[in-house]
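Thanks for coming. Please have the sequence and the 3D view open.

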Amino acid sequence: MDITLVQGDITEQRVDAVVNAANSSLMGGGGVDGAIHRAGGPEILRECRRLRDTSHPDGLPAGDAVATTAGRMPATWVIHTVGPVYSASEDRSSTLASCYRRSLEVAEELNAAVVAFPAVSAGVYGWPMDSAADIAVRSTLAFSPASSNTLSEVRFVLFSRDAYEAFARALEPNSGPA
Ligand code: ADP
């Protein structure tokens, strides 16, 4: 499984699954969530509503992930995950790591080969970018596919130059010869 970095807009990625930094309500929000719903169109919200009406009446807890269509985006699926809000007084790293692990498990269930992630929790939820990048890279490297092993690429799609550079630094210790 390759880890790649791109600076750009996740809604434009031609991948099997795009991960959304959603909120627990699954009813849409700002940041990357708003961009994904705008780009994908109303079908995504329709499926989110159906999830609320059936399997997730209380919404999606932080650290978990669930899939819908990607609507009109070039991707096939959106995997919605809910990051933890950053707290300086409480260590919520394991919840953020769980976002990546659960999203990759869902991707595997979908037989997805290429999955794109944004920097979950590093926007409105306030997680410092260097730490968010470190947790993203480490939890992805730690993920061992359970069964089918269809995953071939995890692509981090970073909106800003700063975010891209933080992820590049987080990858550095692992970028030596294979
Ligand atoms: P959270 O609430 O989990 O912090 P945000 O959407 O506020 O989620 O931010 C997560 C990250 O996604 C931020 O680094 C933000 O700059 C980035 N982001 C916002 N829009 C896009 C986009 N279209 N593509 C990729 N990343 C995006």
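Start at asparagine 111, which sits in the loop between α3 and β5. Keep in mind throughout that this is a predicted model. Is asparagine 111 buried or exposed? Asparagine 111 has 10 other C-beta atoms within 10 Å, so it is exposed; the cut-off for exposed is 12 or fewer. The backbone here deserves a look as well. Most residues other than glycine have a negative phi. Asparagine 111 is not glycine, yet its phi is positive, near 60°.

Alanine 112 is found in the loop between α3 (93–109) and β5 (114–117) too. Alanine 112 has 22 other C-beta atoms within 10 Å and is therefore buried, given that the cut-off for buried is 20 or more. For a distance, take alanine 112 and serine 144, which are 32 residues apart along the chain. Their C-alpha atoms are separated by 15 Å.

How many C-beta neighbours does serine 121 have inside 10 Å? The count is 26, so serine 121 is buried.

Now the sheet. Strands of a sheet pair through backbone hydrogen bonds, either parallel or antiparallel. Here we have an open sheet of six strands with mixed pairing, in the order β1-β6-β5-β2-β4-β3. Which strands are at the edges? They are β1 (2–7) and β3, each of which pairs on one side only. On average, neighbouring strands of this sheet are turned by 25° against each other, if direction is ignored.

Strand β5 is covered on both faces. Val114 and Ala116 are on one side, Val115 and Phe117 are on the other, and all of them are buried. On one flank, β5 runs parallel to strand β6 (residues 153–158), and four bridges join them. Alanine 116 has arginine 155 as its bridge partner in β6. Strand β5 also runs parallel to β2, with two bridges between them. Valine 18 has alanine 116 as its bridge partner in β5, and alanine 17 stands opposite valine 115.

Moving along the order, we get to β4. Strand β2 (residues 17–22) pairs with β4 in the parallel sense, over six bridges. Asparagine 20 is opposite histidine 80 in this pairing. In which sense does strand β3 (residues 65–69) pair with β4, parallel or antiparallel? The sense is antiparallel, over five bridges, and alanine 67 stands opposite isoleucine 79.

How many residues of β4 (residues 77–82) are buried? Six of its six residues are, and the strand counts as mostly covered. Trp77, Ile79 and Thr81 point one way, while Val78, His80 and Val82 point the other way.

Next, the helices. Two packed helices are described by the angle between their axes and the distance between the axes. Take α3 and α4: their axes come within 9 Å and cross at roughly 50°. The two helices are therefore oblique to each other, and their crossing is right-handed. Then take helix α4 (residues 129–142) with helix α5 (residues 161–171). These axes come within 8 Å, and they also cross at roughly 50°. So α4 and α5 are oblique to each other, and α4 passes α5 in a right-handed crossing.

Last stop, the ligand. There are 21 residues around the ligand, and those that come nearest are Ile10, Ala21, Gly31, Gly123 and Tyr125. Which helix gives the most to the shell around the ligand? Helix α1 (residues 31–40) does, with four residues. Sorted by class, the shell has 13 nonpolar, six polar and two charged residues.

If you want one thing to trace on your own screen, follow the strand order β1-β6-β5-β2-β4-β3 across the sheet, and then find the edge strands, β1 and β3. That is all from me.

Terms used:
Residues are numbered from 1 along each chain as its sequence is written. This is a predicted model: local features need pLDDT of at least 70, side-chain atom pairs count only at pLDDT 80 or more; totals for chains, interfaces and linings use all residues. Two strands pair if DSSP finds at least two bridges between them. A residue is near a molecule or strand if its C-beta atom, placed from the backbone, lies within 6 Å of it. Ala, Val, Leu, Ile, Met, Phe, Trp, Tyr, Cys and Pro count as nonpolar, Asp, Glu, Lys and Arg as charged, and the others, Gly among them, as polar. Axes are lines fitted to C-alpha atoms, for helices over the stretch in contact, and angles run from 0 to 180 degrees between N-to-C directions. Angles under 35 degrees count as roughly parallel, over 145 as roughly antiparallel, 65 to 115 as roughly perpendicular and the rest as oblique. A crossing is left-handed if the near helix is turned anticlockwise from the far one by less than a right angle, and right-handed if clockwise.
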